[in-house]
Every structure is written in structure tokens, then in C-alpha cells.
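Work through the exercises below with the sequence and the coordinates at hand. Each task is followed by a worked solution.

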Amino acid sequence: MRLSRRGLILGGSAMLAGCASASATAPLTTAATVAPVVPPAAVLPTIHTANVEVPPLDPRGHVRKELMERAMTALDTHHRRLPLRDRMYLVDFKKYSGEERLYEVDLIGGEVKVLRTCHGRGSDPSHTGYAQRFSNVRDSNMSSVGAYATAGANWGAQQGPNVLLDGLEYSNDKARERAIIVHGADYADPAFLAREGKLGRSYGCFSVAHTDLPALRERMGEGRLLFAWA
């Protein structure tokens, strides 16, 4: 199934109106020659098909091209697990942890909102600010790449409010078992970044600033794509 952004915006095709038709009149039988009656030429209605302009996706070029392409492919591949196609969430683990590398992509309007998120301490054992390796193994404390389905808002005794995630690929299908979630953390807050020049590290979760979490928690919901790649 190939996802079309135009298909998300256009509800369907335009329907053609019925065309006028002319029926011939049977000739009269008379002694005199009667000139045939010529009906006026049928005038067909002019049909104007609405040309809806689809806004460009990511017009400011925030997202790396390869990441965007892989995410769009993941939407197709996992369409049965991702029924909500109004927006998706991308994470670019090639970028430094102090940079904005979590993207909320509006698939209808095309705009992209940028935020920050952490990677796992096992992915960056020397705390360089760059994720260097990834794993799906329990207690590896590493981030996992691939496609996730958001599984709704949750509350945990340790992390508080969060968003559950279901891994959809071999590279991240242990996400629930590993408790990989989206949650707020002090080490993801602006004050930590200002002091350290980079974000802290999680145990593999997509930790975000406490101020960013409420809106993310509401908007991610259940059944949207979160795609992480490096």
C-alpha cells in the first residue's frame, strides 16, 4: 500500500454531471415535403475539477532526506499498525544530543516542529553527545532504531507521565519488555543543556524536556509513527 500525501488531503475524485441528450422526432406522413426539424446543438456543461495544491513537506528542510524517505516507507510497511496519518514523529540519531533532532511532522500541512531528545547511555558510553551503537537487548541501556507505533498516554511509578511505544521491527520489537517510552527528564531540560552543552543520557528511552512532554503526550496519542534512525 503506497501512502499518498495528496490522498490524505483530497477526499475523493470529482464526479461528472450527467450530459444532456437529444432525441429525434419521428417524421410526419404528409403529401407535402416537410423540412426536417434540426434540434439545437447540445451544450455540454463545463466541468472544473478542483486543483488542490498539496503543501510541500518540510518546506524549511529540517529533516534529513534519508530519514524522511525511510519514515514514509515505514508508514506504508506498517500501515495496519499506524492508522493515524495526520502527523508522525522522527528522531535523527546522527545529530548531536544538544541539537534539535526530534521532529513532529504535519503530514497534512507539511510543517515540521523541532524538539530535543536523549539517547541511551549504552549507545554513548563515553558521553560524547553522539549515539554510536544501538541494541534491542534488555539491560543494554542502548537506544533502538526503527519504526515504533505510539501506544497512548501512560503513568509510571518511576518516570511519571509518559507515552508507551510498541516496536514494529526486529531492531526494536522488545520496546515494551525494555520499557522504552517517551518521558520527561531533568537531564533533557534546557538548564541541563545550558550547563553541560549537551543532554544527559537515558536507559534507552526517548527522554524529553519536562516542558515539552505534556503537548507531546497529548498529540502522539495511539497509532502514530515514531521513527528513529542514524
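## Exercise 1: a hairpin

In the hairpin of β2 and β3, 5 residues lie between the strands, and Gly110 takes a positive phi near 90 degrees. The model is predicted, so local features need pLDDT of at least 70 and side-chain atom pairs count only at pLDDT 80 or more, while totals for chains, interfaces and linings use all residues. Residues are numbered from 1 along each chain as its sequence is written, and side-chain values use heavy atoms, with hydrogens and water left out.

Task: how many bridges join β2 to β3, and do the strands run parallel or antiparallel?

Solution. Start with the elements: helices (H or I, at least four residues) and strands (E, at least two) are DSSP runs, numbered from the N terminus. Two strands pair if DSSP finds at least two bridges between them. β2 and β3 are joined by 4 bridges and run antiparallel.

## Exercise 2: aromatic pairs

Task: find how many aromatic pairs there are, then say which parts of the chain Tyr96 and Tyr130 tie together.

Solution. First apply the rule: rings of Phe, Tyr and Trp (its six-membered ring) pair if their centres lie within 6.5 Å; planes under 30 degrees apart count as stacked, over 60 as edge-to-face and the rest as tilted. The count is 5 aromatic pairs. One of them joins Tyr96 and Tyr130, with 5.3 Å from centre to centre and 55 degrees between the planes, and is tilted. Tyr96 lies in the loop between β1 (87-92) and β2 (102-106), and Tyr130 in the loop between β3 (112-115) and β4 (146-156), so the pair ties together parts that are 34 residues apart in sequence.

Next, check accessibility. The classes are buried (under 20% relative accessible area), exposed (over 50%) and partly exposed (in between), with a 1.4 Å probe and protein chains only. Tyr96 is partly exposed at 21%, and Tyr130 is partly exposed at 38%.

Then take Phe227 and Trp229: their ring centres are 5.8 Å apart and their planes at 15 degrees, so this pair is stacked. Phe227 is buried at 3%, whereas Trp229 is partly exposed at 21%.

Last, look for linked pairs: Phe93, Phe134, Tyr148 and Phe206 form a cluster through ring pairs.

## Exercise 3: a charge over a ring

Task: which ring does the charged end of Arg121 sit over?

Solution. The criterion is that NZ of Lys or CZ of Arg is within 6 Å of the ring centre and within 35 degrees of the ring normal. The ring belongs to Tyr203, and the charged end of Arg121 is 4.9 Å from its centre.

## Exercise 4: salt bridges

Solution. A salt bridge needs a side-chain nitrogen of Lys or Arg within 4 Å of a carboxyl oxygen of Asp or Glu. Arg64 and Asp92 meet in one of them, at 2.8 Å from N to O. Arg64 is partly exposed at 21%; Asp92 is buried at 3%. Both residues belong to a salt-bridge network that links Arg64, Glu66, Arg70 and Asp92.

Lys65 forms a salt bridge with Glu69, with the closest N and O atoms 4.0 Å apart. Both lie in helix α2, 4 residues apart, about one turn of the helix. Lys65 is exposed at 62%, and Glu69 is partly exposed at 45%.

Finally, Asp86 forms a salt bridge with Arg224, with the closest N and O atoms 2.9 Å apart. Asp86 lies in the loop between α2 and β1 and Arg224 in strand β8 (residues 222-229), so the pair ties together parts that are 138 residues apart in sequence. Asp86 is partly exposed at 27%, and Arg224 is buried at 9%.

## Exercise 5: cysteines

Solution. A disulfide is a pair of cysteine sulfur atoms within 2.5 Å. The structure holds 0 disulfides. The cysteine sulfur closest to that of Cys205 is in Cys118, 9.9 Å away, which is too far for a bond. Cys118 is buried at 0%, and Cys205 is buried at 9%.
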